[in-house]
Amino acid sequence: MNKVKKFDVVIIGAGVIGSMVARELSRYKLSVAVLEKEVDVGMGQSSSNSAIIHSGHDPEPGTMKARMNVRGNELWYKIVPELDIPLEKTGALIVAVGPEEQAGLYPLLEQGQKNGVSGLEILSREDVLSLEPHLTGDVTGALSTPTAGIVDAFQGVLGPAENAAMNGVEFILNAEVQGVVVEDGTLKAVETSQGPVEATWFINAAGIHSDEILHMVGDHPDFHISARRGEYFVFDSSAFRVSNVIFPMPSEKGKGILVTTTTHGNTMIGPNSNVIEDKEDHSVTESGMSEILDGARRLVPMISPRHVISTFAGLRATGNYKPPGHGKDFLLEVSKSVKGLITLAGVESPGYVSAPAIAEYVAEMLRGEGVVLEEKPDWNPKRSRIPRFKDMSHDERKEIIRENPAYGRIVCRCEEVTEGEVLQAIHSPIPATTYDAIKRRTWLGTGRCQGSFDYPRTMEILARELGMSMTEITKKGPGSVFLYRRTKEGVV
Amino acid sequence: MEVNTDYDVIVIGAGPAGLAAAIEAYNENKSNVLLIERNDSLGGILPQCIHNGFGAIKFGNDLPGPEYAVRYEEQLRDLPVEIMLDTMVVDLTPDLDIYTMNSTQGYRHFRPRAVVLAMGCRERTRSQIRLPGTRAAGIYTAGTAQRLVNIEGYMPGNEIVILGSGDVGMIMARRFTIEGARVLSVLELLPYLTGLRRNFVQCLQDYDIPLHLSTTVNKIYGERRVEGIETVKVDEHLNHISGTEKFIKCDTLVLSVGLIPENELSRKAGVQLDPHTNGPIVDSDMATNVPGIYAAGNVAGIYDLVDYVSMAGEVAGRSAAVWASKQKVAAKAQAEEERPSITIKPGANVGSVIPQKVYFDDLDGRDIYLNMRPNALLERAVKVELSLDSEEIMSFREKYARPAEMIIRKLKPRDIDKLKAAGGHELIAGIS
């Protein structure tokens, strides 16, 4: 029998929201755990999205989306130096093509100002083209939002998660919530694939599955999350670049197909938006790929599929919650039908940017419920990411290999990731135990050859360090092995 | 950082081109040569190519890959050529500054008098052909699958579909079958085989593995591990024909969809690349546009037979050593304009040509080979022609033209006389 684990607070879901909440609560004298159904943190929509720190001009004024976005934007810039997360304040341009779209810029400006976004400005055609020479000549103007930025989406989850772990938060991985124990109107425990876990407070940050958790306790039976898939193309870093995040004019479907640069210097385009049945279907489609190519070419005509190095799809957790008098919004609340539950559901875009604000709001809600949040004297706000060989000068490289010879062996040639970095990922505060977990921590396998070179090498290091056989090494947890058997072991 | 300037020639990559280049660079005038290889053994890709088909031209023998590599290693072992294994070259500048790293000697800086680029090629990936579907485990490029099976000794799949009729794919189809896996199908987008005919016969036909032409993968299924694929037929414009979709249950998809010269370092060094070969533009000395930098083998363009790769390596090694010996350092750059030469561009039915420029001075009895890669399948007698303003300069006959096979012409004295007469001009190579 599994021993029952008990905590003050249990967070369900280790995406960017769950990780930011974990880090926020790790400041206080509380025992905190995070339950994650996958083998690593940040494996859902947090790792497959546009990786943009939106300014907050887009959400409807008066909604949680607007409030959390604008506050989240501010907090990200404060947090990243502490957590060593790559974030660049590139600014964004919402580009108008033609008189109709041009006229739409003014209401957008006004909406942003209402939301409290600073620095908004409408730029002339000439100014836009001088900022972004690759843009279509048909551009008529743009709304400039200088507080927007781009972030390393993986590090944006790993940073707060690792920092939380360093400050005592327990991450229980491979622990899917399968049931709940409600007694006298209070959520007492959850049943997980790793046994039961009890807590005084549960935070539902289960992303695309957050409606299922709600339904388990009988809360918001009409609330439903549908998966809206967005597909992306990533280009070789030697292809063209843009300096700002380039958005088309927004539509009912969302902010549209954008053109951006990643913090690793690759250009990225996407996403489209299609509702799909299966909440785990991350496949890219033939039609979707032409859709985003066409969409992006409308803004940047020179885009060619020739330099594509990677395609991926992410799923937005689109809820159907609408507060009175408003359109669709995040559902952020202390549960009214069961005690001991805080719900963070329907957090689609701008969810990533909102994460630190939502974490702050969770602390506020807990205080409101009479929970005493007393600061730990020894709380450490700092976390560093693994030093990246690729970014070092010749002298720094010489020095680090002298100190640690494992840095002298390249495992991934395109991204120049060394064995030293892979070893640190495996032995990090939240250990990387799969290929994809190493990829998210080191950027290995993301370059032109997409892992062709590093697969065998990375598998060997994982097997050696984890004391496993090569046939046990997986790409992303149970059910995703790379190798079936040794050769010469006969016919299957 | 301290700079090591001891070497006349540094060869980057110890595959077939690099091995031959290092040997010839030494032989030319006892040059001081350093050979750098990122793997822990010599031979590049050859040690994992355990099938035969190597060495018919160089050694008059049909050898397996490892044996072909060993023959060069043995020659090399008798020479005072220095070798660094398990070493990566991470930077190369136009001034021939080379930065290397490994875990025993650390990070080092060299400045040789000449460099031979022999980094070979890499495989095209799933993303480059924009294959729709999930990102599950069980999708491998053929070369990676080959390494896993032949070097690491593991089976990456049980029920396998191979996309692409390239040589490595077909060879792996046979290899998987011998190791007890089932290869369900080999799919080819184009209406013809892209690999060598002999591999089709020996690897597919002999093992009853079906080849489906004008067919590609429409979707990959399986969130964690591949669970199946959907195939679709394509028309003559390579557009999918709806209604022809078919599901195949499998656990592995292997891609053999082409090779691309590995030119990261070439780009860093400012070497000019040819959009047709995706490799450096080279002349008949295998010299690039950057003084002192030479390129040979698959880094310059994808070859069909390893023997020709070695031969190109020999030329590059020799030329690099000559350059390094400084006899011509000043003279070469100056005399560039006056040296009798022609340039060659691909024309009708020709995808690429190596070398792109041929010099006729100082041949010293050396042979010059023209390597042409057809880009159309012509299963009949063809005429290969070099022309200037649509006027034939020289021509020869071939039995057929196939994209999988290079057309290689050793220039004869009378060819050279004809070409010399067209000196200074740009010729077009065409097949009709």
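**Exercise 1. The contact between chain A and chain B**

Determine how many residues of chain A and of chain B are in contact in this predicted model, and which elements of chain A contribute.

Solution. 
- Step 1. Count residues whose C-beta atoms, placed from the backbone, lie within 7 Å of one another across the two chains. This gives 47 residues of chain A in contact with 43 residues of chain B.
- Step 2. Assign the chain A side to elements. Two or more residues come from each of helix 7 (286-299), strand 18 (308-318), helix 9 (394-403), helix 12 (454-466) and strand 23 (485-486) of chain A.
- Step 3. Helix 9 of chain A gives the most, with six residues.
- Step 4. Sort the chain A side by residue class. It holds 20 nonpolar, 15 polar and 12 charged residues.

**Exercise 2. Strand pairing across the chains**

Find which strand of chain B is joined to strand 23 of chain A, and in what direction the two run.

Solution. 
- Step 1. Identify a partner. A:R486 has B:Y154 as its bridge partner in strand 13 of chain B.

**Exercise 3. Helix 1 and helix 8 of chain A**

Describe how helix 1 (residues 16-25) and helix 8 (residues 351-368) of chain A cross, and what residues make the contact.

Solution. 
- Step 1. Take the axes. They come within 8 Å and cross at roughly 35 degrees.
- Step 2. Assign the hand: the crossing is right-handed.
- Step 3. List contributors. Helix 1 of chain A supplies residues including A:V16, A:M20 and A:E24, and helix 8 of chain A supplies residues including A:Y352, A:A355 and A:A359.
- Step 4. Sort the contact residues: 12 are nonpolar, one is polar and three are charged.

Technical notes:
Residues are numbered from 1 along each chain as its sequence is written. Chains are lettered from A and ligands numbered from 1 in the order in which they are written. This is a predicted model: local features need pLDDT of at least 70, side-chain atom pairs count only at pLDDT 80 or more; totals for chains, interfaces and linings use all residues. Helices (H or I, at least four residues) and strands (E, at least two) are DSSP runs, numbered from the N terminus. Ala, Val, Leu, Ile, Met, Phe, Trp, Tyr, Cys and Pro count as nonpolar, Asp, Glu, Lys and Arg as charged, and the others, Gly among them, as polar. Two strands pair if DSSP finds at least two bridges between them. Axes are lines fitted to C-alpha atoms, for helices over the stretch in contact, and angles run from 0 to 180 degrees between N-to-C directions. A crossing is left-handed if the near helix is turned anticlockwise from the far one by less than a right angle, and right-handed if clockwise.
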